[in-house]
Amino acid sequence: MTAPTSPTRSTAVAAVDLGAASGRVMLAEVARDGVTLTEVHRFDNGPVRLLDTLHWDVLRLHAETLAGLRAALHRRPDLASVGIDSWAVDYGLLDATGALVGNPVHYRDRRTDGVPESVVAALGADYLYRTTGLQLLPFNTLFQLTAELGTPALDRARALLLVPDLLGYWLTGEIGSEVTNASTTQLLDVRTREWSADLISRAKLPARLFGPLRRPGDRVGGLRPAVREAVGTDRPVPVTAVGSHDTASAVVAVPAGPERFAYVSCGTWSLVGVELPAPVLTEESRAANFSNEAGVDDTVRYLRNVMGLWLLQESLRVWRAQGVADDLTGLLAAAARQPSLAAVVDPDDPEFLPPGDMPARIARVCARRAEPVPDGPAAVTRCILDSLALAHRVAVRQAQRLSGRDVEVVHVVGGGARNELLCQLTADACGLPVVAGPVEATALGNALVQARALGVLDGGLAELRALLRRTGSTRSYRPRVGGEAAWRAAAERAGLADG
C-alpha cells in the first residue's frame, strides 16, 4: 500500500512479515500525515519434509530476514526500529546454551493426530475453554508440546519461543514471548494474559519453557554486534514487540470508522471475527469453536479460523505441476462465469489440512456429501470461493450472535482483498457491504505499532485507523439482492450451522 502523497519528516521502521507461504520485509516511512510502504525483500516460505516430519526452514527465514534488513538499511541508514510478525502456534526450543534444539515442526505435520482427543479427555473441554478461551484446533501449541513429551528434544529444552520471538532472540539475544501470539498457544490465561501455571502443570509440561511475556510496543532489545555486522550498520537498532501474531497486526490496520465492523483477515487462512473489549467464554461460544485471542491495546480478537485460500493455493500448485492451469487472473475470470453455488464444501473439513492433491480431495468430499463434483480448474475454483464466502457468512453471523455485537460492515484485509470475486461473494453471502483493503494490512499494523512506540504517532487504535482511512485506498462491494435463500440452502448442504 502506498499513500497518495509521501509523508513528510518520516521515521523509517522495518516490518518483517512472515506468512505461511511467503515472507517479506517492508520499509515503512511513517509520519503524522501518513505512511508509505516499500517492499525491499520478498521470499518464498514453505514446509520441508525430512523423513516423516514436516518442518519449517527457520534458518533460511533468519537469513532472509537479515537480507531484508540489509536492504532496508541501504535505503534508510537511519532505520529506527524492527518489528517481526508471523503465523501462530509453531515454536523453536532452546537448550541451556541458547542453541536451537532441532528444526521447528510445521503445524500441518501429522504428529498431533489423536493428541487433542487425549488432552481433552484428561483436562476437559470446559476447563480448557474457561482458562484459555481458545478454539480446539489440532495444531495448537498445547497439542504439539504434548506430542513431544518424553522426547530427548523436550527434555533438553530450557525455553520455548514462538517463531517471531525466536527470530527476535537471534537478532537481540533477548528471550521473551509476545502476548498476542502467546494467546494462540492454548497455554495463556485469557483473563490475566499471563501463562496459566495451573494448565501447564495439569498438562505435565515443563514450566521452565515459558518465559517472560511482552506487550506490543515493548522494547525487545538492540541488534547484537554480529547481526549489526551482517546487516551493515554500526548502531544497535532496537527491535520492538508488535502484534507478533500476523492477524493481531492485520486487525490494527483494519481501516474501520465508528461503525461496528467484522473483519476477515484473508490469506492462507481466513480469520473471521469481531473486536471486543472482553472475552466471550460461554458454553455456546465453546461449542461454536470460537477463539478469544489477545489483540493490541488489550482488545480481544473474537474469531474463528477458516481454512482460507490454502485450498486455492494448493490446487493451483497441483494444476501448475500438471500443466493444466497457471494464470490465477484468468482462472478467477473463468470461475466468475461458473454457476453460483453449484457445489459447496466445508473449508474446514480435516481432509483439506495437509498438503496434497487438493482438487482430488475436493472431488472426494463433494462425492461423499452427494454434491456435484466440480469438473476442471474453473469449476473447482468457483467451488472453493463459494465455500469460503459461505464460511465467512457463517462465522460473521455466529460472531454477532455469540458476542451480542451488531455488524454493519465487513472489512476484508490481506491478500484476499485482491480477489474481487471472493470479496463480492462475501458481500453477497453476508448480506453486508464489504470494504476490501489494505492488502498489506499485517505489515501496516506492524509498522504503526512500532511508530507509536517511538512516539511518532499517538492515540489508540481509532487514531491509527483514522490515519489509514485518510491516506490509504480501499474498494467497496455492495451485496447483490435476491440470494439469501440460496446461501441459506448452501450452508445446509455444506453441513454448516448458519448463524
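Helices H15 and H19 are roughly perpendicular to each other (a word used for angles of 65 to 115 degrees). This is a predicted model, in which local features need pLDDT of at least 70 and side-chain atom pairs count only at pLDDT 80 or more, while totals for chains, interfaces and linings use all residues. Residues are numbered from 1 along each chain as its sequence is written, and side-chain values use heavy atoms, with hydrogens and water left out.

**Stop 1: the crossing.** Select residues 377-403 for H15 and residues 484-494 for H19; their axes come within 10 Å and cross at roughly 95°. Axes here are lines fitted to C-alpha atoms, for helices over the stretch in contact, with angles from 0 to 180 degrees between N-to-C directions. Helices are DSSP runs of H or I with at least four residues, and strands are runs of E with at least two, numbered from the N terminus.

Now show the side chains in contact (heavy atoms within 4.5 Å). On H15, pick Asp386, Ala389, Leu390, Arg393 and Arg397; on H19, pick Glu484, Trp487, Arg488, Ala490, Ala491 and Ala494.

**Stop 2: two cysteines.** Stay on the chain and select Cys383. This residue is buried, with a relative accessible area of 3% (buried means under 20%, exposed over 50%, partly exposed in between, with a 1.4 Å probe and protein chains only). Which cysteine sulfur is closest to that of Cys383? It belongs to Cys366, and at 4.4 Å it is too far for a bond. A disulfide is a pair of cysteine sulfur atoms within 2.5 Å.

Next, click on Cys430, which is buried too at 7% relative accessibility. Its closest cysteine sulfur, in Cys423, lies 11 Å away, too far for a bond. The disulfide count comes to zero.

**Stop 3: Leu61.** Select residues 58-75, helix H1, and find Leu61 within it. Leu61 has 1% relative accessibility and counts as buried. Leaving aside neighbours within four places in sequence, Leu61 touches Phe43, Asn45, Trp87 and Leu167. Leu167 is 106 residues away in sequence, yet the C-alpha atoms of the pair are 8.3 Å apart.

Stop 4: Finish with strands S15 (residues 291-294) and S16 (residues 300-306), which pair in the antiparallel sense over four bridges; pairing takes at least two DSSP bridges. Ser291 stands opposite Leu303 in S16. Five residues lie between the strands, and Asp297 in the turn has a positive phi of about 60°.

Is S15 covered on one face or both? Both: Ser291 and Glu293 are buried on one side, and Asn292 and Ala294 on the other.

How values were computed. Angles under 35 degrees count as roughly parallel, over 145 as roughly antiparallel, 65 to 115 as roughly perpendicular and the rest as oblique.
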